[in-house]
Amino acid sequence: MSRNQNNNIIDAFYAELLPFPTFIISEDGTIISWSSTAEAVLGYKKNTMLAQPASTVTTLLSGDFSPSAFADLIAKPKTEQFTAISVQLADHTLQMAELVTQPCTYQQQKSLLCALIFDNTSVDGAILLKELVDIRLALEETQMLVTLDSEGFILAANEAFLKASLWTPKRIIGKSFWQLFPEKDASQSIPEQIWRTLQQGRIWQGEVEQLTKTGTTYWTDLTAIPTYCPIRKVQHTILVCKDISSTKNELMKLQKFAYVDAETGLHNSYWLENELPKLVMEQREFSFVYLSIDKFYTIKELHSSELHESLGSMFKQRLETYFQDSIIVRINEIDFALLTSLSDWFIEGFLHYLEKNPIYYERLALPISISGGITRFPSAFTTYTQLMRTSTATVAKVRSEGGNKIVSLTPAHHRQLNRKSLLETRLLKALDEKNLQVLYQPQIDITSKKVVGVEALVRWHDEVVGTVSPGELIPLAEETGLIHQIGLFVLREACLQAVKWSAAGTPINVSVNSSVREFRDKNMATSVLSILKETNCPASLLHFEVTEKFALEAEFAKSIQMQLEQLEQAGVSFVLDDFGTGYASFRYMQILPVNSFKVDETFIHTINKSEKANRLVHSMVQLGKNLGLRVVAEGVETHEQQAYLQSIDCDILQGYVISKPITAQAVSELL
Ligand code: C2E
Ligand code: CA
Ligand code: CA
């Protein structure tokens, strides 16, 4: 039997999850994966089978399976099933099985996934397994499928998904569940809600907007299924999605045309987009109120799905009764907007009114909390897009602080939000044009006084927004996800520079700051290694500075730790930055592969201010040295501080007393 089958990509973990003995053969005829189930059921050990020619396994099978037969199967885009195969187990007994083969991409090479389904378990069991395999095959052909690990990282995705999401097989592995959805404030609760449902071991089903690699969106009917593998004791998730963009787009076109929200009969966002400029032109004075229901999806979870249909209408009734003579607009499922001439205190009173007049469902008062923002008109915010951005940002902030509050936006808020959105666009441009600079701050060995390393620090001067300090730039970049690009840019520059200094006969270490968000991407270590290779930079010259906040998160995320270990094995060093300001735990030095730490400048600045302060710095340095770590003092500003650090045997100094961050050229002159 054969079916048309797409070329799936899979990773090692996925192969391990299959409940049958499985192995993978590469195009050149080598066994490149041998699952633990294969080890347990067949009795041949993984380490004896891996890297062996395919003939090692074909000789154990009764059928006519020469290694070239496998090569043919790899070339065909089909799943094949061979029945009545007798398999020779390690204990020399023979057992009958069915062999299922499926071409796939594994470790970025064309390969063949082979699974043996034994007939002997029980007839019922075999029928069930066969049915499951058939259902899976049918799903593979007709739906988009994604498999996630327990942390939400993508383990496997089928061709249909890659086609819709525009990701390449190589790039999608290791991306996270959250990266599949647009980061809109209002809809942000959907992926979170899906994840929560999965964590409770329940299935989630519904329509969601998903994100492609290029940032466009498409609608799917998504079923998220939590599954648990009792043998390996791991939780994972299967996403089954069907593209419904065309139906959804039709509906949206209709709504757009009618300017009406189909469920409640209220004006919709297209109406607002169309009307707002007119009101602004007329210089009418009014307040724009944006209201968002905080826990809509939880309410939906608690109650039946029919409720979800009418909650919008019931909420509309409350709005209409309270805000008489105001214009009410439904922005989306959970967000509403009002154009009103009522005063702020009256608007804020809506929360109280809602408490006193709750929405009932089957005689049960639904606990609804609202987050909202009020903008007065006319104001600096005149366009629809600006207004929506500000409003959704405000609502997100209110919600993150616990929700159930309506706040008025002051002109200062507006300026701040305006600057943020301006910075965001300028930063995108700067990254595109590689318009960031890297300065280097020298670090000297305390005894030889020689420059032994530098810390790479990013600098951004923009012609429109002026000089932006890293203190403002880094948090913004982290929030928008642009930190990945900044991090890799700084890293590439730093590596190129390290190679230049090395070639000039003065090799010095380069320390690069890294934020934990960069390591949440499973491909981070791979990107770092490829930059090292590309720039020809020896890994031993590269140090990564990580903070205690980073360490705290890494402690709970296996994939971060694994990536750090992978880099350490390649020869990269890690430095614990800002030591003493966070959780100041030497435990991190055990968890993370750090071999030095930087005593934070706040401690250095207290040197000679009091006896106690000196003792504190002394004991920090001493403790580090006892643990065999290299101790760096940062932010050293005076000769007195330098002298004291010298007297207590600190290893490395960095700070204005030696030099401010300077250009690479200026560093070369010091070497
Ligand atoms: P940090 O890692 O603690 O970097 C040291 C900061 O202290 C730098 O500020 C440096 O200019 C400043 N500094 C150095 N010596 C002295 C001194 O003697 N006295 C005083 N008062 N300050 C001194 P900068 O460059 O403004 O960077 C601020 C922070 O931004 C850095 O703190 C780091 O956390 C972050 N950062 C900078 N570049 C990058 C980057 O490329 N990637 C990431 N993820 N973060 C970066
Ligand atoms: Ca640093
Ligand atoms: Ca620091």
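Student: How are the donor residues of the calcium ion (ligand 3) spaced in sequence?
Tutor: Keep in mind that this is a predicted model. The spacing reads D-D-x55-E. As for the atoms, D577 and D578 each give an OD and E634 gives OE donors, with distances of 2.2 to 2.6 Å to the ion. That ties distant parts of the chain together: D577 sits in strand β26 (residues 573–579) and E634 in strand β28 (residues 630–634), 57 residues apart.

Student: And which residues coordinate the calcium ion (ligand 2)?
Tutor: Those are E455 (OE), N513 (OD1), E545 (OE) and D577 (OD), at 2.1 to 2.3 Å. Along the chain, the pattern of these donors is E-x57-N-x31-E-x31-D. Here too the link is between distant parts of the chain, since E455 belongs to strand β22 (residues 451–462) and D577 to strand β26, 122 residues apart.

Student: D577 turned up in both lists. How far apart are the calcium ion (ligand 2) and the calcium ion (ligand 3)?
Tutor: They lie 3.9 Å apart, and D577 bridges them.

Student: Are D577 and E634 buried or exposed?
Tutor: A residue counts as buried when its relative accessible area is under 20%. Both D577 and E634 are buried. D577 comes out at 6% relative accessibility, and E455 is buried as well, at 5%.

Student: Let's move to strands. What holds a sheet together, and which way do side chains point?
Tutor: Strands of a sheet pair through backbone hydrogen bonds, in either a parallel or an antiparallel arrangement. Side chains in a regular strand alternate between the two faces of the sheet.

Student: Why is β3 said to be largely enclosed?
Tutor: Because five of its five residues are buried, β3 is largely enclosed by the rest of the structure.

Student: Which strands does β3 pair with?
Tutor: With strand β7 (residues 109–118) the pairing is antiparallel, over five bridges, and S26 stands opposite S111 there. With strand β4 (residues 31–34) there are three bridges, also antiparallel; F23 has W34 as its bridge partner in that strand. β3 and β4 make a hairpin with four residues between them, and G29 in the turn has a positive phi of about 80°.

Student: How many residues of strand β12 (residues 234–243) are buried?
Tutor: Seven of the 10, so β12 is largely enclosed by the rest of the structure. Strand β11 (residues 217–229) is joined to β12 by 10 bridges and runs antiparallel to it, with T220 partnered by D243. Strand β8 (residues 144–148) pairs with β12 as well, in the antiparallel sense over five bridges, and L145 stands opposite V240.

Student: Zooming out, how many helices and strands are in the chain?
Tutor: There are 28 helices and 29 strands. The C-alpha atoms fill a box of roughly 85 × 80 × 45 Å along the principal axes, and 50% of the 671 residues count as buried. Of the contacts between residues at least 6 apart in sequence, 63% join residues at least 24 apart.

Student: And where do the charges sit on average?
Tutor: The mean positions of the 61 positive and 77 negative charges are 2 Å apart. For the surface, the accessible area is about 31800 Å², and 54% of that belongs to carbon and sulfur atoms.

Methods:
Residues are numbered from 1 along each chain as its sequence is written. Chains are lettered from A and ligands numbered from 1 in the order in which they are written. This is a predicted model: local features need pLDDT of at least 70, side-chain atom pairs count only at pLDDT 80 or more; totals for chains, interfaces and linings use all residues. Side-chain values use heavy atoms; hydrogens and water are left out. Donors are N, O and S atoms within 2.8 Å of the metal (3.2 Å for Na, K and Ca); water is not among the atoms, so sites may look incomplete. Helices (H or I, at least four residues) and strands (E, at least two) are DSSP runs, numbered from the N terminus. Buried means under 20% relative accessible area, exposed over 50%, partly exposed in between (1.4 Å probe, protein chains only). Contact means heavy atoms within 4.5 Å. Accessible areas come from the Shrake-Rupley method with a 1.4 Å probe; for residues, only the protein chains shown count as cover. Lys and Arg count as positive and Asp and Glu as negative; His and the chain ends are not counted. The place of a charge is taken as NZ of Lys, CZ of Arg, CG of Asp or CD of Glu. Two strands pair if DSSP finds at least two bridges between them.
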